[in-house]
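Please consult the sequence and the structure shown here while reading.

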Amino acid sequence: MRKEIRRRYADEVRYTDGMLGRLYDELVASGALSRTWLVVTSDHGEEFWEHGGFLHGHALHDELLRVPLVIVP
């Protein structure tokens, strides 16, 4: 079960990464990126049993608190 949950999460991350790539490519192709700030972040991370817990909302470990912040001015 844990392996399947991790696989599904990784699939979700790959999908989101691909969609962000498509957005970026469209902004470049349309010329809009030169007048757009692209900001990508997350509201929380996920824990996959690193500390005995699962998902989020129950602890303050780095896996949950450290989130990406990408700014492309």
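## Overall architecture

Read from the N terminus, the elements of the chain follow the order α-β-β-β-α-β. The chain thus holds 2 helices and 4 strands, where helices (H or I, at least four residues) and strands (E, at least two) are DSSP runs numbered from the N terminus.

This is a predicted model, in which local features need pLDDT of at least 70 and side-chain atom pairs count only at pLDDT 80 or more, while totals for chains, interfaces and linings use all residues. Residues are numbered from 1 along each chain as its sequence is written, and side-chain values use heavy atoms, with hydrogens and water left out.

## Helix H1

Helix H1 covers residues 2-30. Its 29 residues, at 1.5 Å a residue, should span 42 Å, and the end C-alpha atoms are 42 Å apart, which agrees; the expected span is 1.5 Å times one less than the number of residues. Glycine 31 follows H1 and has a positive phi, near 85 degrees.

## Surface and burial

Of the 73 residues in the chain, 15% are buried, meaning under 20% relative accessible area (1.4 Å probe, protein chains only). The chain exposes about 5,900 Å², of which carbon and sulfur atoms supply 57%; accessible areas come from the Shrake-Rupley method with a 1.4 Å probe.

Tryptophan 49 is situated in the loop between strand E2 (47-48) and strand E3 (54-55). Tryptophan 49 counts as buried because its relative accessible area is 16%. In sequence, tryptophan 49 and arginine 2 are 47 residues apart, yet their C-alpha atoms are 8.8 Å apart in space.

## The largest pocket

The largest pocket contains about 440 Å³ of space. A pocket is an open set of points on a 1 Å grid over the protein atoms alone, where a 1.4 Å probe fits, with protein on both sides within 12 Å along at least five of seven lines. A volume is the space filled by probe spheres set on the points, which are joined across faces, edges and corners.

Its lining comprises 18 residues, and Tyr9, Val13, Thr16, Ser42 and Pro68 lie nearest the centre; lining residues have an atom within 4 Å of a point. H1 gives the most to this lining, with 6 residues.

Methods
Buried < 20%, exposed > 50% of the residue type's maximum accessible area, 1.4 Å probe, protein only.
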